[in-house]
Structure formats: structure tokens, C-alpha cells
Amino acid sequence: MFNIYSIKLKLSLILLITPLITPMGLLAYILLVKNQAQQTQQQLIIKKKQQEKVFFFKNSLANAYSDTLYVSRLINHQLSNSLKKNGLIFDKQLSNEINFTFKSFLEVNPLYQQIRLIDNNGQERVRFNRRHNQVVSTKTNKLQNKSEQSYVKKSLNLQPGEIYISELNLNRENGIIERPYNPTLRIASKLENTISGFKGIIIINISAQKIINEISKNLKGDTYLINQKGQYIVHPASNAPLVYPHNFNTDFPELKGWQQSQAIQQNNFAFFKTNKQNFYFYPIDSGSQFHRQWFLITTEPILTIWNQLQQQTVLITTTLIAILLSILLANYISRYWFINPIRYMKKVAQGIIEERPIKFMTNFHQKDELDSLCKKLHQLAKIISTKEEKNKLIIQSLKKEISYRKSIELDLSLYKTLFEHSSEAMMITDEHEVITHINPAYTQITGYCKQEVIGKTPRIISSEKQSAEFYKGLWQKLNTQGSWQGELFNRKKNGDIFPVYQCINSIKINAKTSLYISVFSDITEHKQYEETLRQHAYYDPLTNLPNRNLLQDRLSQTLAKMHRNQQFAALLFLDLDNFKNINDSLGHDFGDMLLKKVATRLCKNFRAIDSISRFGGDEFVILINELSSDYKTSKTLVKNLLNKLLQLLSKPYFILEHELFVSASIGITLFPTTKNHHAEDIIKMADIAMYVAKAQGKGAFQFYTPEMQEKAHQRLSIENGLREAIKHNQLVLFFQCQYNNNEELLGMEALIRWQHPEQGLIYPNDFIPIAEESGLIISMGEIIIKQACLQIKQWESEGHSIPHIAVNVSPKQFAEKDFVDKVCTICKESNIPPQQLMLELTEATIIHDIEITIKKMSQLQQLGYRISIDDFGTGYSSLAYLNKLPIDQLKIDKSFIDDINLENKHVVIVDTIIAMAQHLKLNLIAEGVESQYQVDYLVQQGCLGFQGYYFSKPIPAEEVFSGHLEKQH
């Protein structure tokens, strides 16, 4: 029981005051724990962001390597095809081919700034630069000799297929650094063409500024990018980082020897700490044989507990005032109640120690336990004095014991705090693997509480996904090295399996294992992030099929495997026919749904060992593995599969109440080939075969043959030549006159010819189809109309009267929205009346968008232009609209005129066309007239207009009036 003099009551009062003193210590402890948690979280965030930036950097380099090798193969192929009798000559044709390849490459790759072809002597042969978003070639007299440049010497010593990558530096031209500064990487590949004998290198300059900008943004703290010499590439305090005057190693001498750290040596993320800053290093390896290495570094100031205390100014001030008042009050009370009695007892104890007589102070009176203790101490002093030596030993032993116990209690308190507040799961087992302790993080991660795991083994959270061999290796390393760390899968209480990164250490006492400590953290989010990156890099987001990158990787593996097993495989390049029409008419969302259904249909009808990928747009590539060791058998197997596949794809698709029918054109190549082609070559060959299949009617398939490659190259050569022909005015007009039955001139038709500077005169059958496919026919059509109008004007100035000139209009040209305006502008600029220009349209032009076609034809007729239907009778739809069309003339196709001969005297189609034209009051021209018998028959039936070799062959403009329009027969 308490009384008013009891020391218990006094102690209780002191304890009521004491809590006022604790807020400061508690606040400091909370801020310390918070500071440690923030630093751990910040390190994980910075590491994750750095990992994203490094992945972007490495992916950019990998794409550049692939592009460099791709361009090298194209140039190597062009060099092989340009072999002349006297060896390789860089003639105009070869230069044009290389120029076109380089220009096209830079136009579609905005990241690249320059591409060059350098021969074995270091002399530039071709160079293209990107300037102000324009691709510009370098004139021959401006090409330089780079033989003394280090990167040229190193590149010329490469082995075929190897890649040279330079250090990151500023781009120099003619020894002068370009301004504005342009950080540049040089990627080079060696050319060694065994056919032509040419040796040299392809060098591509990459603008690293976009890569640097991507790396620098969204990183907290200061960001540095340095090379392995410590030179700055990115510095937070400089707008021109490569010319920054300092060096990382000299600016931060406290980090001396960082490059020799184990993490950096193993090319891993590294963390360093100084008194002022935290440093986060992430190495970037170029991935080439030259082992260029850069380091992405992020720094942040160390956040100490005092920084946080400064942020809590009001709280700290209030706490200090409370503490001060508490101390004053506690000092006053303790002095009266405790200090004075204790001082008295100290004097008594001092007397005992100094062996002086002890006198009881009668003037000290306090009616409580201390008063009683003082009296008892006086009595005890007498007893102790008789055993002085023994008392000394006892006191010394007690002091040591107390000091030792206090030290142990402090350590245990600290370890317990760390154990209880760690964000990572901790588990302690004894030497028999029986769990003795777990921390709260273990419960939070696994769902198991202490009562459920204490006394059991760690196998309670085993996922059983690791094999026995895995655990055998784990225990072997743990027993020999004393620790193990790595990734494995555990199971939560609710049954969920999750990945962890786990560290296990064995604690030995007297060379014998006493316990095991395991620490692990849940890395589910990290794994999900890795999987997301892999999904974006290797899978198509629309169909979830493998994309082009993964296809090329799998194709390369299949090539190697087929070589080893001496088996054949096949690559199918599939393109949906007329898919653009679906997108244009129903919308891109509708087209995406159709692509998904096609992908689903393909996946359900191929084997698990085959690979289906979306190559891009409406193109799919199917890799069929392990066919047969016999070529003919493999081809037969693929044919049977293709027949089923085309039938499958032709079945209707039902999408949003629409029923669609879509066919496909498929190109196939069987491999490995005799020339051991690479993966890119196999894809290209299948692509070429697909275009051949599409050109032969669509909804079909074709196997690749070497002749297809030659035709594809020839087609590309013609297309490139046509562009030059349009640019350099190599297209000329020939004219074929049209007569009536009295041999009077009715007009003439303008026929295009290509006056090639090397090959001579090329006829339209050899280039018009390619012009139609490439879209060049639109520019060619305008040239024909302009030249025809100018020729009419020239003949009139020479005194010749021209009834009209007929020009052919292609469907693509007529479909242009401003076609009517363009024709009117040309006639107005040429100053000729519209009646002298007749526009010839084919039936294929008319039946496409018939209402719009009739509207355009009516506009032209109202303006005075005459319209003729060319090759009439070869179509199948225009007869129904013939009475609606605003036309002036029909031209009977030559194929029907050829049927008029002595053996075939009754030509029903010709008679029908003539009768129809007479009924509709239309003029008639018969094409391809070559005999008098044909003329007589046509006149008898009522056709009075003729065009053909019987009257005149197509001739140049200067020869038209040289023979006074005499017939050629």
C-alpha cells in the first residue's frame, strides 16, 4: 500500500513525468527507420529506370547491327550482278543501284545520319548524308580518302559477318566538328565480294542524340553517361557533354577503383556510397567484338535523419520545450526526494572505501524507504568493513556482470528491431532445419503466421517446381561455401505460387552448423515487368503471334537444325488478297478483327512444332519444321498442306453481321538451299514467290525458283530506270494514224516508248505493267498528255491540221480526284482546244465506281473533250452501262479483228459491236487492221474507221508528215 512518505509513490510521480522526455527519442527512431526504407525503395526505383534505359540503348545498337549487315548483303548482291568482262566497273548503273539503296535506307531510318561505301584503299565511293531532314548524296569530287582514320583501318580487318562499333564521339567532316554538336556512333561491316573481287566496308553513322535524350529523361537526381575512360557523354551541367572539360574519375576521386569492383567486372548493376552521395552504376556493353562499354550513372544526395528532423521544425521545437520543462521539474523533485538521500549514502559508501569512521547524520530525516535504507546502510558498513577484500572482489564482479548484460541487451534490442521491421521475409531454423523464428514480413508475403510454421521445416512453402537436382546443388554450395543465393518458386498459404530471390546462410559455432538464416523477397512484379518487355519485343500486340524479330530467331535455329539433321523445312509467306479494300470500306477496326480471326484459324490448323508469325500488315509467315530428308517428298507434303490451307482460308468470316470472303496468295521456299542462305534470304525468297503467286491471279501459291529472283531484280531495275526516265525526259511518243474508208485522216493515237540511253528503244509491254504496280503510271500519264498537246501545237505551227490525238488513260490516273482539273490545266497551258484531245478509257476503268466515273466523264464531255472506250468487248460489265456512259467513240479490240479472215467469215462479236454503235450513234475505230479483206468486211458491216499496220505503223513525230500521210502497205 502507498502512504504519503512512500518512495513508490514518488517513483510513480517520476514515471508520470518521464513520458514527456521520450517523444524526442521516439521521433528520432521513427525517422531513422523511415530514412532507411526510403533509401531502399529509391535504390530499387533507380535500378528499374536505369534498366529500362539500358535496354533501350542495347536494343538500338542491336537494330543498328542488323541493319548494317542487311545493307552489306544488298550491296554485295549488287556488286555480284555488276560483273563485266573486264572485272568490276563502277559504271553509272551500279552507282545508281547503290545510290538508290543508300538513299532508301536513310529515308526509312531517321535515326541514321550517314552511310558510306569505302573501298579497300580507304577511298569513299558513295556517301549519303541526312541534312535538315533531307537525304543528300555527296558529289564525286567531294568524296574523301579515309585510309588514315582508325575506324577505317579496324573495319578493313574485320572478318565477314563481324561488326565494328566506334566509341561515341562528335561527328567530323573534313576534319571539322559539325555544328550543332551531333554525338555519333559509327557502325561498320566488311564487304568481301568473291565474285567481283571488290573489298571494302559499309559505314553507318548513327545520331546518338535521340538515344541520349531518351536515356537522360525521367531520371531523378543527377545523370551521367560515361565511357570506360571516364569521359563524359552526358553531364547534368553541360549542354555540350562530349566537350565537357572534366573527367568522371578526376571529379569523384572518392570512388577510385570503382571499375575493379566485382559487380562492374561481372557487368552488373552496382551501388556505391560516399559521405555526400549515393552512386548507382549500370554498365552498357556494345555487344560487338570490340567490347565498347559505357556506364549509366545516377547520383542522389544522402538523405540523413537530420534532413528529416529539419523538415519537422514545429514538432521538434514543441518537443524540446516539453523536454526542458520536464527536466527542470524532474530535477527539482528528484533532488529533494532522491539525490540528497543518495548523496548521503554515497558519503557512507565513501567512508567504507576509505576506511574512515562512519557517522550517522541525525539531521537528515525522511520518512520513507530511503530513510530506512540509509540506516540499514550504516549498519551494513560495519559488517562490510570487516570483510574489505572480499567486498572489493564482489563489487568488481558485479560491475563487470552488469556491464556485460547491458551490452547484450542493447545488441539484442537492435537485432530484434532489424528482424521485426525488415521488408524482406526472414526465417531462422536450427541445425535440423526446424523453423524457430520468422519475422512479420514472412507472414505478410506467405500468409503463414508464427503458430503455423514454428516447429516445421521450410518445405511448408515449397512449390515443388524445383527438381531434386536443383536442391542437391543448393545444399552442396551451402555446405561447402556457407551460403547460397538465387531465384526459385515458393507457395503461399492460399496455394499461389510466386517467384522469390532468396539468400541462405549457415551459421557455424565451433566448426559445426548451429542454425540457418534465410532471407527472401517476392519478385513477382519484377518477373512481370521482364515478361512485358519480352512480349513487346517478340510478339505482335494485335494477334499475340510472334513478330518479325522472333521469327528470324526461330528461323535461324531451324536452319542450323535442318543442316545437322539433313532434313528440309519450308517457309510460307502469306498475304491476304484485297485486304486494303476491307480497311477502306469497313474501317481499320474491322480489318483488325479480320486479322485476329485469320490468326486464330491458322493457329488451329498447324502443328505445335511449326511457328506462325505476323510479319506486318496483312502478311503472315509460317515456318514448317521437319518435313523430310527428300526434296520431292517435302515439296509434295507442302503442296498437300497448301491446298487444304487455301481452302480453309477461303471459307467465310462472320464479323459484326458481315459475311466476308478473303483469299490469300502464298509464296513458299524450301530450305536449306545449296547456297546455305541466311534467314533474311529465306524470307526474301518466299516474299518474291508470294508476289509471283499474286500476279498470277491471287488465291494461289508458288514455290520459289532462282528465276523469280532474277525477274524481281529485273523488275526493280526497270522501276528504278523508269524513275530516271521520268526525271531525265527519256519517255517519247510515237503516233499511229487513223483513217476512214476514203483514206482520209481521222486522227491519231499517241503511244508511249522509252528511249533508254543504253538499251535503246523499249516498248510499253515491257514497262507499263510495272508502272501500273508502282504507281508511276500517274506521272507517265501526265507526261503523255503534255507531250501530245505540245505536239499538236508544234504541228499547227508547221501548217499541219490535226483532227485529234487520242491518249490512253490508266485506271489509277483516272481515279485521281483532281484528274479533270489536271487535264484542263495542261490544255490551257498548251493553248489547244479540248476537241483536239481524245481520252481513251478501258472497260476496267469504267466499271470501278461507276457513278463517280460517269460524273467525271460528263464533266470532261461538257468541257469539250471527247471520250473513247478502248479495247471494247474484252470486258464483261460495261455493256449494261453503255447507254448511260457519255462517250463519243468505241474501239473494237484487235483480238476480234484478227478473227476476220477467209476461214471465219461470220464474226458475231464484231457484227454485234458495230450494230450497237450504230444504234447508239457512236463513232467506230477498228484496231489492228492488217489486210484488205478485213477493211472490206468492216466497211460492208458499217465500220468506217481504221487503225493498224495495213495503213500505218507507230512512228516518231518527225516522220508523221514526211511521207504526206501515205499508207504503209
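Me: Before anything else, what does "buried" mean here?
Reply: A residue is called buried when its relative accessible area is under 20%. The model itself is predicted.

Me: Then are Lys-891 and Glu-840 buried or exposed?
Reply: Lys-891 and Glu-840 are both buried.

Me: What do their side chains form?
Reply: They meet in a salt bridge, with an N to O distance of 2.9 Å. This pair connects distant parts of the chain, 51 residues apart. Lys-891 belongs to strand S35 (residues 889-892), while Glu-840 belongs to strand S33 (residues 837-842).

Me: Which residues are linked in a network of salt bridges?
Reply: The network links Glu-749, Glu-840, Lys-891 and Glu-927.

Me: Where does Glu-927 lie?
Reply: Glu-927 is part of strand S36, which covers residues 923-927. Its side chain makes a polar contact of 3.2 Å with that of Lys-891.

Me: And why does Glu-927 count as buried?
Reply: Glu-927 counts as buried because its relative accessible area is 10%, and the cut-off is under 20%. Leaving aside residues up to four places away in sequence, Glu-927 touches several others, including Glu-749, Asp-870 and Gln-947.

Me: How many salt bridges does the structure hold?
Reply: There are 22 salt bridges in the structure. One of them joins the side chains of Glu-192 and Lys-199, at 4.0 Å from N to O.

Me: How accessible is Glu-192, and what about Lys-199?
Reply: Glu-192 is partly exposed, at 35% relative accessibility. Lys-199 is also partly exposed, with a relative accessible area of 39%.

Me: Changing topic, how many residues are in the largest nonpolar core?
Reply: The largest nonpolar core has 79 residues, and Ile-805, Leu-890 and Leu-938 have the most contacts inside it. The element that gives the most to this core is helix H23 (residues 777-797), with 10 residues.

Me: What does Ile-805 touch?
Reply: Not counting residues up to four places away in sequence, its contacts include Phe-735, Met-748, Trp-795 and Met-838.

Me: Which residues does the second core include?
Reply: That separate core of 43 residues includes Ile-115, Ile-215, Val-234 and Ile-284. In soluble globular proteins, nonpolar side chains tend to be buried together.

Me: Which residues make the nonpolar surface patch?
Reply: Tyr-404, Ile-408, Leu-412, Leu-414, Tyr-415 and Leu-418 make a patch of about 640 Å². Of these, Leu-414 is found in helix H11, which spans residues 388-421.

Technical notes: Residues are numbered from 1 along each chain as its sequence is written. This is a predicted model: local features need pLDDT of at least 70, side-chain atom pairs count only at pLDDT 80 or more; totals for chains, interfaces and linings use all residues. Side-chain values use heavy atoms; hydrogens and water are left out. Helices (H or I, at least four residues) and strands (E, at least two) are DSSP runs, numbered from the N terminus. Buried means under 20% relative accessible area, exposed over 50%, partly exposed in between (1.4 Å probe, protein chains only). A polar contact is a pair of N or O atoms within 3.5 Å; within protein, one must be able to donate a hydrogen and the other to accept it, and residues adjacent in sequence count only if both atoms are side-chain atoms. Contact means heavy atoms within 4.5 Å. A nonpolar core is a set of buried Ala, Val, Leu, Ile, Met, Phe, Trp, Tyr and Cys residues joined through side-chain atoms within 4.5 Å. Patches are made of residues with over 30% relative accessible area and no salt bridge: like charges are joined within 9 Å, nonpolar side chains (Val, Leu, Ile, Met, Phe, Trp, Tyr) within 5 Å. Accessible areas come from the Shrake-Rupley method with a 1.4 Å probe; for residues, only the protein chains shown count as cover.
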